[in-house]
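Please look over the sequence and the structure before reading on.

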Amino acid sequence: MSAVVVNSTPFHVLLHDIGKDLKLSDVHYMKYLLQGHVNKETLEHLDSGQELTELLRKRGLVTEKKLAFMRKLLIEAKCLKQVHLVDEFREKFTSVTIIGERQQSERASRLNNRRETLLRMIENVENEIRTCEDVDVEISNQIKESEVQIQANNENMVIVEEIIQSLKSKIVKYESNIESFERKLETVRFFLKKKQVEMDKIKQKLDENHSSATIKKELKDKQEENEKTKREEDELIAKHQNALDMIRTTHVEIRHKTQDLIVLEDSIHDSLMQVRALKQSARKNQRASTDLQEKLESLSLELEDTRRMKPLTPFSRPATRGQNLLNGNHGNAVNETHLTRRLEYKVLDYGEISERESNVIGRKGKRVNPPQFQSPTSVAVDRAQGYIYVADHGNARIQILDVNGNIAREPLVLGGKSRPSALAVSLRGDLVMTDSQILRLFSKTGELLRPILPVYSKNDKRPELSAVAFDIQGNIYAADKANHRIQKFTFNGSFLCFIGGLRDLHYPMGITVRRNGDVIVSEYENHRLKIFSQDSLEESRTIGVHGVGAGKFACPRGIALDHNDNILVADSRNHRIQAISLSGEPLGSFGTIGLDPGCLDTPYDVVLDTTGNIIVADTKNHRLQVFTRLVPVYAEPGMYDEEYEEAAAIEDGEDLELDEGEFKIPGSDLDKELQDNTNDVSSKENFKSDIIKEKNGEDEKNKERLPSAQEISNITKKGEIQAFKEKTREFSANEQEFDANNN
């Protein structure tokens with residue numbers, strides 16, 4: 001390839017700047033996209049970006065007025081800096097052909113309407129942000145009030161407990177007094193008996209000698225002493241009874257204070273629960289506020305970039321001459337606009353998925369058709385037949401649906417107390433499920449092949465199986481959350497090895513296996529992922545931490561891999577599905593707590609089908625949700641309709657020129673023929689057939705023509721959709737390999 005000569009025109013400077021900044025990897029990818037437009041031998045000799053841009057210029061694929069093809073290539077290659085250069089060049093140097101005042105007015109009207117819409121959306125988002133801020137202030141005040149109330153109740157509890165301790169001390173004192181009174185009573189009663197005996201003896205003496213004054217005096221003294229002792233006894237009995245009454249009264253008072261203490265404890269508990277609920281609401285409000293801030297920034301950028309923005313929405317373009325002729329519009333070809341829509345497909349990023357891309361399957365209930373669920377805990381896809389298997393935990397069955405959510409086969413009813421908690425499907429269509437106690441293996445027709453018992457020793461806890469998975473060889477992996485490890489079995493049920501342990505894992509709840517044999521596990525209580533390398537299963541690396549932001553998890557459960565080996569995680573306590581790369585880079589998330597379509601409530605599992613649709617077990621909402629990434633869109637030319645006019649002219653096989661408000665086709669007599677046949681219906685029908693014949697005759701010539709808008713669209717989506725097709729072929733090849741290994 002000869003050296004590239006840079007001219008001084010702005011267009012050549014643009015091509016030079018674009019080619020100079022292109023990386024070698026970008027050049028290779030763009031050479032791949034240019035296959036079919038440039039022969040293979042020429043592409044093989046391209047070694048730099050400048051040579052590539054010069055080739056596009058020489059072939060006429062890129063001109064000063066035709067930059068759409070270049071822009072599409074740069075967008076597909078993700079060369080955003082160069083795209084910005086193209087946009088700046090077009091804004092400064094490319095004159096936009098105005099096709100009548102009506103079209104110009106319509107473009108301005110569309111642009112103004114879009115700006116007004118963006119302003120309204122920005123205003124609504126700002127109002128929502130202010131509402132979130134007000135709610136946050138209100139929640140903060142309520143939390144402070146509850147904390148003050150908790151502090152006051154704690155102080156009152158301390159006071160009441162001190163009072164109770166004081167009353168208990170009084171009871172101890174009264175009991176000591178009672179013991180003293182009882183001892184004194186015993187002494188007094190002993191002396192009373194003794195004095196009574198002495199009085200009886202004196203009375204006998206007095207009976208023998210009635211006239212003895214000495215005996216009478218002695219008897220009188222003894223009687224007085226006896227009366228005095230009885231009075232002491234009565235006083236002691238009264239004091240004893242009074243002490244008993246005081247103890248009884250104190251016990252009643254302690255019981256009342258204890259009831260007050262219980263009331264205070266209940267009040268503190270209620271306040272703590274209220275604070276917890278308020279903090280949860282604050283976190284949800286904070287997440288909503290963060291999402292609104294991001295949305296506001298996006299809308300603001302879109303508003304600022306309205307002039308160069310090309311939204312994927314329905315658009316209108318001028319009618320071509322052939323369209324006007326076939327529609328009977330002879331004299332007003334420019335003023336009348338033929339509305340068309342150019343359909344494209346776009347693969348959404350994970351962060352772009354919204355409720356518009358969701359489809360709800362089922363609701364809470366026990367019916368089979370239409371499908372109803374009770375806490376679906378796991379979901380799996382049969383890639384061979386396209387069936388969706390659902391672990392309907394509450395109804396103790398496995399539902400089998402087709403891709404549209406309809407019943408494909410009768411459900412597998414397990415019977416007894418067995419309730420499915422996790423399941424997986426092999427490449428061949430075999431199903432393995434667990435009820436947390438044992439594994440059961442079914443054929444693709446629903447026939448039970450064999451049960452598989454988990455392995456454990458007398459020093460282990462009884463296994464609790466929480467997740468299952470297949471690898472491409474058909475080996476079975478089961479997560480044992482009770483013993484914090486993974487058990488690996490052959491397809492025939494033979495035990496192979498343990499993966500992990502208490503040192504490496506803690507409460508595994510999700511598992512998936514890469515094509516190279518790496519095992520990825522979600523740790524429920526450690527709020528992270530662990531990746532065990534196939535080369536050394538004793539070594540692992542960690543992804544994620546506890547939290548609510550990007551790359552953070554709160555009790556992750558089911559996990560799955562997309563066709564690029566990115567990890568999708570059912571982030572259950574954050575009520576979302578989060579995508580993350582194998583290196584730990586966050587790729588986006590979707591879902592928020594709620595009952596509406598697109599909202600999730602504690603998702604337990606996630607899986608992808610062969611077309612890239614994301615199927616989620618929305619457990620607490622008792623349903624499935626299917627999110628699609630491949631969405632149809634319509635392309636709009638925005639401020640640069642000349643690109644689409646050229647594309648339309650290319651699609652019709654002819655270049656149109658604008659001459660004083662009328663379309664003319666150079667090198668043909670169609671214009672004259674049109675004027676001669678405007679009032680002749682039969683001639684007009686003949687003219688239609690002539691145009692069709694002329695188009696058919698030019699098919700061979702158009703093989704080397706410039707690419708049409710649809711072809712450019714195909715280039716744009718080729719790299720994104722091709723991965724889905726290749727993934728399907730890979731699964732088919734692996735299925736054959738799996739059959740060969742098992743035969």
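## Salt bridges: rule and count

A salt bridge is taken here as a side-chain nitrogen of Lys or Arg within 4 Å of a carboxyl oxygen of Asp or Glu, and by this rule the count comes to 19 salt bridges. Side chains of opposite charge can pair when their charged atoms come close.

The model is a predicted one, in which local features need pLDDT of at least 70 and side-chain atom pairs count only at pLDDT 80 or more, while totals for chains, interfaces and linings use all residues. Residues are numbered from 1 along each chain as its sequence is written, and side-chain values use heavy atoms, with hydrogens and water left out.

D21 and K81 are joined through their side chains by a salt bridge with an N to O distance of 3.9 Å. This pair links distant parts of the chain, 60 residues apart, since D21 sits in helix α1 (residues 10-21) and K81 in helix α6 (residues 80-93); helices (H or I, at least four residues) and strands (E, at least two) are DSSP runs, numbered from the N terminus. D21 counts as partly exposed at 29% relative accessibility, whereas K81 is exposed, with a relative accessible area of 57%. In these terms, buried means under 20% relative accessible area, exposed means over 50%, and partly exposed lies in between (1.4 Å probe, protein chains only).

R71 and D87 form another salt bridge, in which the closest N and O atoms are 2.8 Å apart. R71 belongs to helix α5 (residues 68-76) and D87 to helix α6, so the pair ties together parts that are 16 residues apart in sequence. R71 is buried, with a relative accessible area of 13%, and D87 likewise counts as buried, at 8% relative accessibility.

## Pairs among the strands and loops

The side chains of R485 and D460 meet in a salt bridge of 2.9 Å, N to O. Here, too, distant parts of the chain are linked, with R485 in strand β15 (residues 485-489) and D460 in the loop between β12 (448-452) and β13 (465-470), 25 residues apart. R485 counts as buried at 9% relative accessibility, while D460 is partly exposed at 25%.

A network of salt bridges links R514, D518 and D565. D565 lies in the loop between β23 (556-561) and β24, is buried with a relative accessible area of 17%, and has a phi near 65°, a positive value in a residue other than glycine.

## Charged surface patches

Patches are made of residues with over 30% relative accessible area and no salt bridge, like charges being joined within 9 Å and nonpolar side chains (Val, Leu, Ile, Met, Phe, Trp, Tyr) within 5 Å. On the surface, E161, E162, E265, D266 and D270 gather in a patch of negative charge. Helices α7 (100-208) and α8 (213-304) each supply at least two residues of this patch, with α8 giving the most, three residues. E265 lies in α8 and is partly exposed, with a relative accessible area of 38%.

A positive surface patch is formed by R276, K279, R283, R573 and K620. R573 is placed in the loop between β24 (567-571) and β25 (576-580).

## Annotated spans

The UniProt record, an unreviewed entry, places a coiled-coil region at residues 108-135; UniProt positions are given in the numbering used here, feature names are shortened, and annotations may be inferred rather than shown by experiment. Over residues 108-135 the model is 100% helix and 0% strand, with the end C-alpha atoms 40 Å apart.

Within residues 372-404 the chain is 0% helix and 61% strand, and the end C-alpha atoms lie 14 Å apart.

## Backbone details

A cis peptide bond, with omega about -5°, joins N369 and P370, and P370 is found in the loop between β3 (363-364) and β4 (372-373). T602, although not a glycine, has a positive phi of about 55°; T602 lies in the loop between β26 (586-590) and β27 (603-608) and counts as buried at 8% relative accessibility.

F470 is located in strand β13 and is buried, with a relative accessible area of 11%.

Terms used
Accessible areas come from the Shrake-Rupley method with a 1.4 Å probe; for residues, only the protein chains shown count as cover. Lys and Arg count as positive and Asp and Glu as negative; His and the chain ends are not counted. The place of a charge is taken as NZ of Lys, CZ of Arg, CG of Asp or CD of Glu.
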